[in-house]
Amino acid sequence: MIPRFSLVRPHTLDEALAAFEATGGDAAYLAGGTELLQVMKLGFAQIGTLIDVKRVPDLKGIERRPDGWLRLGAAVTHREIERSELVRHELPALAGLELHLANARVRNAGTIGGNLAFAEPHSDPATFLLACGATVLLASPSGRRELPIDEFVVGPLFTAREADEVMISVQVPPAAAGEGRSYDKLAFFERPAASVAVRLTVRDGAITAATVAVGSVGPVPALVAGAAEALLGADAGGDGLEAAVTAASGALADIEAEADLNGSADYKRHLAAVLLRRAVAAAIREAQADA
Amino acid sequence: MHELVTIELSVNGVARSLLIEPRETLAEVLRDRLGLTGTKVSCDAQVCGACTVLVDGLAMSACTYLAVDADGRAVRTVEGLATDGVLAPVQQAFVDKAAFQCGFCTSGMLMAATALLEDNPTPTREEVVRGLEGNICRCTGYVPIVEAVLAASRAGDAAGAARIEQGSENSGGAR
Amino acid sequence: MKRVTTRPTPPAPIGEAVPRRDALAKVTGAAQFTVDLGMPGLAHAKVVRSPYPHARILSIDTAAARAHPGVIAVVTAADLPDVELLYGHSIADHPLIATGKVRFIGEPVVGVVAEDPVTAEEAARLVSVEYEALAYATDAEAALAEGAAILHEKPGEQRPHRGFEEDIRRTHPNVCSQSRQHWGDVESALAGAALVVEGEYRYPRCYAYAMEPYNAVASWDRGELTVWTSGQHPYMVREDLARCFHLPLASVRVIVPYVGGGYGSKSYTKVEPLTAALALRAGRPVRLALSIEESILTTRGDGATIRLRTGFDSDGRILAREATILLDSGAYAENSPLVGRKAANRLGGPYRIPALDVTCSTVYTNTVPGSSFRGFGAPQVTLAGETQLDEAAERLGIDPVELRRRNVLRPGESAWPGVRGIDADLVADLDLAADELGWAAPLPPGHGRAICLSASDAGSEPVTTSVVRVHADGSITVTCGSTEIGQGSSTVLAQIAAGEMGVPLDHVHLLQSDTSAVSFDRSTGASRTTTLMGLAIQSAARDARSQLVAWARESLATGDDEVVEMPGGVRVGDKVHGWGAVVKAWFGGAMGEAIGRGYLRRAGATEVMPPFWEVGCVGVEASVDEATGEIAVHRLVTVGDVGCAVNPQLVEAQDVGAAIMGLGMALREELVYEDGTLMNGNLFDYRVPRAPDVPEFRSVIAERGDGVGVYGAKGGGEGSLNPVAAAISNALRRGAGIELREVPFTPERVWKAIQERDRARSAAHGGHAVQGEAGT
């Protein structure tokens, strides 16, 4: 059962931040509750006051900023992202990922900010947004700061967010010319066994930039520089790709991996390699469609 | 004395004003305060779907949805599906196809199906299967449930019936 | 659904797919489950559980919990000197609350009763218990190893007259029971065999996940106890409660409302004694409603390790089988001794085996108590037996269906001396399954097909009664102790009563599962209800009719009027009277009632055990993703050989439900222990099948009138689960060339089997790697 707590329902960001300060720190921000309330039920967290930020305008909305970056309010639900015409157009892999996240009820209630702030090692959005070079914007009474995903997610269930900071939004850079972004996962149980996100640029038929992120395999979603490097310069449509992907897969052989209910560390690394092949192909398809 | 808050909501079309503790889930309020025990709690972890209700038309896990979040919203439960004693088409289809056994998942399954059909009145078999992915039934093996939802869909009156007889063209096999 | 019928037509509505009688209640949310009950003054309980797999309790401090506002009672074993704490229907070794030590993580140690559940949970967190950790064993092999921790220093009291007394043998301090099944000379038969197949097979500890968690409400009134519970066996629970609280059976009333899933996991006694003890100390009615996490810590299925050897002649005929089975039965006996007996009985399958020797030990381990679970030993042993038949078929070059045809028992043939001959036509069932599966049709590359069988000595004991009450308006009340757990007993039994009394179905009202209002039935399990309660109702209906015919002769006939019984009443001379008219005439007014009694025991048709055989016949087509090891099942076929389908829609429902549950166990379900701790004790991590996991399903119902029940009926509901894992294993042996001997066939296990295959092929090809199948 959810233990007893006090509730504050602020209407502005300032009210929310003030409410936190007023508790002296025995408080937490609440959005969809799909993670936080579950943790409280299990007795893993005793929190005096929950500050419900769903009414705070700063945390809402999906828009394209003038500089082309996509801004997702932290309290935007998975369903809103999945159904957003803007996201479907600008970042179809994110819309697709959201469609296959958890179940319909969790997607209806859960928010992107809550997902990232919980830092579950199997998080789909965290892995994808990491590869995309996305950032999160945090606010506290002492000011605002913007962190890239890999500086934000610092450990399993652990982020750089201070207790008094609330996540305002997530920012995703626009695709460069000839850029494709993809995400794929294998899930045999409730959470993925492995997931891979690929962001690459194809110019004149060759891969000129690449980023590879692997999720669910290690304690945090991780960028795999070796895999990305192996893809660089490869002929996106020709015979050279096979060798490059094989080399990139090889770079996954020594990534940090932790056994879990999905299987051993070795098996999860193997799954990541299987996914990398699929994700590279999908990213190239998007890149070339874009071109 | 524990902190109490007032919420105003509509439950199956009836306006309600309730004084509740912030910690109370929608499932607790429906079951314990309003006596609407059709909504069941099973896994209590948003996995099984037994507690599925609709809040402003969206399926939610009432086990983990704070009742205060329903303030100002319209909640629908299994008790609200039938009108004037006449079963909703999806309920009737569940009866016709024997799409339940023990019945513990049934309320949530019906609400998930209702949300699915309101969003997409003519789903394919695959869309029904995907739409019910988050609702567990341990008795039926899902076969009659999928048939019932297809039968209750707008297409179910005519074309759907033929499709049901044909069997599952989209059964991708066990995953 | 395809129905194949060679039996005579029974009286309507028997044999008809009438709508379920619980339909309206269940689709409108009106159906009341135990968890939905409320009553004035109801208090709520929470349980403090052991965090240790094995530990001595040094002290319990409940002061802070008792002082918490809203708390009514805090109860430990020390607070219950007037209660017999140990219960268990085979061996009374299970304390309703821990006494002295704990034997598994999750064992109840303290009960807290408060005005509301949140307050009870708050108070439960204020209880502090000091433990001294003890060495532990969390699997059967470890529990039997040299120097293993001993769970039960002295044997529990053996309960009499349970039918397997000779199996309660403590051959090792951690052995709970040992069952042996043997005939013939196994050693010389194996020595003379053309082929001996040998292997070790593993079946996991599984969780049934009945969606309504264990819960009960207990209320005391002037020394008498009423318990509402989500259980399958109200009478068995009554017996345990009477014993724990030193009450006559008549002073204990157990009522079972609608039950949210059972599958065997709600057999026998669970939370009822603790709930009743808490209500006794609280002086209030108390509800104890477990969460799913707590339910997982309450009962599970027995895990199994099976070492099996089967000898064949060169034509594929089985010559002998020898097996050693270890069941991991958890911390307390519960029903595992009977599961062990059944595993030994069922290992042979539905085959003619000249010599067999099976020893099955149930072993105490520091894990959640194992007990009944759908299939009851059969899924475990069928995995081993059926896998070996296909291995033999491959090695002997015989089609596996043909190999089974050569070996199956023919109708009436006994598997072992003294046992009921098999009441099924398995050759015909194999043919039906092969047709539906498309046995001879071309297969896509990598796909394989298999058909597997199982045979279960089912029905438990025939100790069943029923009362049929015929009212003055011709309506009928049938009372019976069988529980509606979703299987449809409330519909099927009403159909039988209506058919037997010759009245429309809506004239029949069924009253079930209230030990003070309905007469005795042993249990709702072992696929027995349609068969055994059906016979009891038939017998009660016939008793009522014979009384009514006599009453008609006495009260309605004059002179030499002929009295002829007909459906729904009698014809006296040329006038037809319904049963209600006969009742009224005999009592001489507008009122009265006829009471028919039905008794079923080990006599007559149900003298030879088992009352019936439940056979399973399942076919699958499957393939594997060579890159990930993920299995895809493309088609699943069941043949429900049920003698007479009283309600074919419900028979099919049992078959599909059982088969998909079997699919879940074959592919994913397993309670995983690491370092004494259950790693996936929640529905998030314990994955049961979902809608997208379901393959194309084809159901055949075979009705040959060969069961002992009404119009040749016999039970179903477990048979279609038992062979599923073996069928998938065998399909992949044929389709992918891999060996799978450990359930569940998780992607990683399958991936490893693929690598094993490739290594073997590579070695066979002189060291050259075989390319292109397992690559990434």
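Colleague: How many aromatic pairs does the count come to over all chains?

Modeller: The count comes to 16 aromatic pairs over all chains. Rings of Phe, Tyr and Trp (its six-membered ring) pair if their centres lie within 6.5 Å; planes under 30 degrees apart count as stacked, over 60 as edge-to-face and the rest as tilted. This is a predicted model, in which local features need pLDDT of at least 70 and side-chain atom pairs count only at pLDDT 80 or more, while totals for chains, interfaces and linings use all residues. Residues are numbered from 1 along each chain as its sequence is written, chains are lettered from A in the order in which they are written, and side-chain values use heavy atoms, with hydrogens and water left out.

Colleague: What geometry do C:Tyr52 and C:Tyr131 have?

Modeller: Their pair is tilted, with 5.1 Å centre to centre and 55 degrees between the planes.

Colleague: Which parts does that pair tie together?

Modeller: C:Tyr52 lies in the loop between strand 2 (43–49) and strand 3 (55–61) of chain C, and C:Tyr131 lies in strand 10 (residues 128–133) of chain C, so the pair links parts that are 79 residues apart in sequence. Strands (E, at least two residues) and helices (H or I, at least four) are DSSP runs, numbered from the N terminus.

Colleague: Is C:Tyr131 buried or exposed?

Modeller: C:Tyr131 is buried, at 14% relative accessibility, whereas C:Tyr52 is partly exposed, at 31%. Buried means under 20% relative accessible area, exposed over 50%, and partly exposed in between (1.4 Å probe, protein chains only).

Colleague: Turning to the cores, how many residues does the largest nonpolar core have?

Modeller: That core has 169 residues, and B:Phe94, C:Tyr209, C:Ile631 and C:Ile728 have the most contacts inside it. A nonpolar core is a set of buried Ala, Val, Leu, Ile, Met, Phe, Trp, Tyr and Cys residues joined through side-chain atoms within 4.5 Å. Helix 16 (residues 648–667) of chain C gives the largest share, nine residues.

Colleague: Why does the core lie between two domains of chain B?

Modeller: Domain 1 (5–78) and domain 2 (89–166) of chain B both contribute residues to the core, so it lies between them. The domain bounds come from an automatic or database domain assignment.

Colleague: What is B:Phe94 in contact with?

Modeller: Leaving aside neighbours within four places in sequence, its contacts (heavy atoms within 4.5 Å) include B:Phe100, B:Met109, B:Ile145 and C:Val27.
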